[in-house]
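Please look over the sequence and the model below before reading on. The paragraphs after them are meant to be followed with the structure open.

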Amino acid sequence: MRIGELARRTSVDEQLLRYYEKQGLLAPERSSNGYREYADTDVGVVLKIRAMLAAGLSTATISQVGSCLREEALPAPACSGVVERLRGERDRLDRAIEELQSARAALDDVIRRGENAEPGGRPGEQPPWAPAQAGPAQAGPAQRGPAQRGPAFHLRRSA
């Protein structure tokens, strides 16, 4: 089958299929006129590549286990180091998940505190984006302080 058919059957863009070929993940035959010719088994290979990418593996890692992608089961002699490499990748993903869960918990805490806070942060305090209070009505602009010269906005410095 040609690249367009493989793209249709796998829902993968033709450019990505060409990229996979450049990375050594796919090895289509070439016809006499130079067109790529893919085997029916390449549909499964592309789907396995996509699954491994979705699991967080890089194309470099996938290319190292590429010969195992063409088989339904991992053959022991050809893929002896693959299982250990994939365990290492799984451990890396577990660490990344733990870090993301920690970051999410911290974000949830900030959101929770923000939802429970009074508008100004502390009772009676204006938020940092509040407009500056205008000065006395009788004072002209030149006699007003910097924070009192019209409706300008100011930010408080946090301690």
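This is a predicted model: local features need pLDDT of at least 70, side-chain atom pairs count only at pLDDT 80 or more; totals for chains, interfaces and linings use all residues.

Residues are numbered from 1 along each chain as its sequence is written, and side-chain values use heavy atoms, with hydrogens and water left out.

Helices (H or I, at least four residues) and strands (E, at least two) are DSSP runs, numbered from the N terminus. In α1, the buried residues (under 20% relative accessible area, with a 1.4 Å probe and protein chains only) are Ile3, Leu6, Ala7 and Thr10. These residues cover an arc of only 100° around the axis, so they lie on the same side of α1; the arc is that of the directions from the helix axis to the C-beta atoms. An α-helix has 3.6 residues a turn, so residues three or four places apart point the same way. The buried residues of α1 pack against α2, β2 and α3, where contact means heavy atoms within 4.5 Å. After α1 comes Ser11, with a positive phi near 60°.

The N-terminal end of α2 is capped by Asp13, which has a side-chain oxygen 2.9 Å from the backbone nitrogen of Gln15, and after α2 comes Gly24, with a positive phi near 80°.

A nonpolar core is a set of buried Ala, Val, Leu, Ile, Met, Phe, Trp, Tyr and Cys residues joined through side-chain atoms within 4.5 Å. The largest one here has 19 residues, and those with the most contacts inside it are Leu6, Leu17, Tyr20, Leu26, Tyr38 and Ile49. Two or more residues are given to this core by each of α1 (3-10), α2 (14-22) and α3 (41-54), and the largest share, 5 residues, comes from α3.

The structure holds 1 aromatic pair. Rings of Phe, Tyr and Trp (its six-membered ring) pair if their centres lie within 6.5 Å, with planes under 30 degrees apart counted as stacked, over 60 as edge-to-face and the rest as tilted. The ring centres of Tyr19 and Tyr20 are 6.4 Å apart and the planes stand at 55°, so this pair is tilted. Tyr20 is buried at 1% relative accessibility, whereas Tyr19, at 37%, is partly exposed, a class that lies between buried and exposed (over 50%).

Arg36 is found in strand β2 (residues 36-37), and its side chain makes a polar contact with the side chain of Glu21 at 2.5 Å.

How values were computed: A polar contact is a pair of N or O atoms within 3.5 Å; within protein, one must be able to donate a hydrogen and the other to accept it, and residues adjacent in sequence count only if both atoms are side-chain atoms.
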